[in-house]
Amino acid sequence: MTVIDIPGSKSVTARALFLAAAADGTTTLLRPLRSDDTEGFAEGLKSLGYAVEQEADRWRVQGRPAGPAVPDADVYCRDGATTARFLPTLVAAAASGTYRFDASAQMRRRPLAPLTRALTALGVDLRHEGAEGHHPLTVRAAGIEGGHLTLDAGESSQYLTALLMLGPLTAKGLRIEVTALVSAPYIEITLAMMRDFGVEVLREGNTFTVPPGGYRATAYAVEPDASTASYFFAAAALTGREVTVPGLGIGALQGDLRFVDVLRDMGAEVSVGADATTVRSTGRLRGITVNMRDISDTMPTLAAIAPYADGPVIIEDVANTRVKECDRLEACAENLRAMGITVHTGPDRIEIHPGTPKPTEIATHGDHRIVMSFAVAGLRTPGLTYDDPGCVRKTFPRFHEVFADFAHDLEGR
Ligand SMILES: O=C(O)C1=C[C@@H](OP(=O)(O)O)[C@@H](O)[C@H](O)C1
Ligand SMILES: C=C(OP(=O)(O)O)C(=O)O
């Protein structure tokens, strides 16, 4: 059995930084993720005048319920959609200030119109320099009264997360009626973490009622990243081995841990314990048809191991993977085809046929998940190379070292 320590969750770290910055008091984050996305979020907060002290496994944030410490700032959100969607929302609640946000070329292309429209509907003066609903943008803060909103979060749950977290910072709170939602388990993370910072959201069907009153600082331990864990679980299922990830068990916040259910359906033995999850190969990897709308960050993980299954793998309802770090459906298809595999894609689906993959250079499109997913395939098809291996920095800067040690350890068993 191989036990692997996974770095902290990106989603939890980003939310914790937002909530800590808005809270009354000093918050300590234990085991935050240290990667480009989360360092970028912390840097963004610092540009806004928040005090963020970063020691290796412990970050301290001094909350500022009144908002940024500086009257104006330029904030670069890098490639992180959590940063690019959550930070403009955080500053919108301040009583005054002018804050300009920009992001990487890909993040400029990624959408946020439903969020910017919702903020505008709440009375926020938000201006775009180019296309509406895209970075760069400037927020002129003047406080938010609050009230009722209708939101389409069918393209990204991050719009809803941003507005939920904004609610307690408005004068009267928010009532948000959601007409469509993708990546729903991320909303459970948001609600659970808001509760940890002292705010209870009332949920009635598709309507969320968020009370005013602000957040309370706390000490917060960040759980390991479940999307990152998917590469190690998939590796076990693919290579006939067993892998245990401590820190992700029954009470885990992240929906992406459900990726192990997909591996179970494909033939692996899975045990989700109180505080750890184990995947053990039974030697079988069956084809499967699976809806991944809730856990689409793990779609590339499944796509990369799909050719080694004994039947077709069909992944459905993942249209939003086309607006991530790249068009992930086409990137997976392109790379699998380059490996000699038969693949069909539709607007929201991918169908991958069994075959004998041959090594190639993986076109990463700057997407960390493409690299990490195909690294798993590399355990069965040695010789895969990557045109931009360093893009793993977004969520797991030490991925290549850790994965090489892990693969070595697996081989020895
Ligand atoms: O809220 C979050 O932390 C995230 C939500 C998901 O995005 P979408 O809701 O845009 O699918 C996920 O893909 C992303 O990596 C992180
Ligand atoms: C889609 C992702 O990130 P984000 O949307 O937070 O940039 C991801 O990490 O796979």
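In this predicted model, the shell around ligand 1 comprises three nonpolar residues, eight polar residues and one charged residue. The residues that surround ligand 1 are Ser11, Ala14, Thr82, Ser156, Ser157, Gln158, Thr161, Val182, Ser183, Tyr186, Asp297 and Asn320. Two or more residues of this shell come from each of helix H1 (10–22) and helix H6 (158–166).

The shell around ligand 2 is made up of Gly80, Ala81, Thr82, Asp297, Lys324, Glu325, Arg369 and Thr395. By class, one of these residues is nonpolar, three are polar and four are charged. Ligand 2 lies between domain 1 (9–221) and domain 2 (226–411), because both domains give residues to its shell.

The UniProt record, an unreviewed entry, places the feature "domain: Enolpyruvate transferase" at residues 4–402.

Attention may now turn to a sheet. Four strands form an open sheet in the order S17-S18-S20-S19, and their pairing is mixed. Strand S17 (288–291) and strand S19 (343–346) stand at the edges with a single partner strand each, so one side of each has no neighbour in the sheet. On average, neighbouring strands of this sheet are turned by 10° against each other, direction ignored. S17 pairs with strand S18 (residues 313–316) in the parallel sense over four bridges; Asn291 has Glu316 in S18 as its bridge partner. Helix H11 (residues 328–338) lies across S19 and strand S20 (349–352), and runs at about 165° to S19.

Notes: Residues numbered from 1 in each chain as written. Chains lettered and ligands numbered in written order. Predicted model: local features only at pLDDT ≥ 70, side-chain atom pairs only at ≥ 80, totals over all residues. Near = placed C-beta within 6 Å. Nonpolar A, V, L, I, M, F, W, Y, C, P; charged D, E, K, R; others polar. Domains from an automatic or database assignment. UniProt positions renumbered as here; feature names shortened; annotations may be inferred. Pairing = 2+ DSSP bridges. Axes fitted to C-alpha atoms, helices over the stretch in contact; angles between N-to-C directions. Contact = placed C-beta atoms within 7 Å.
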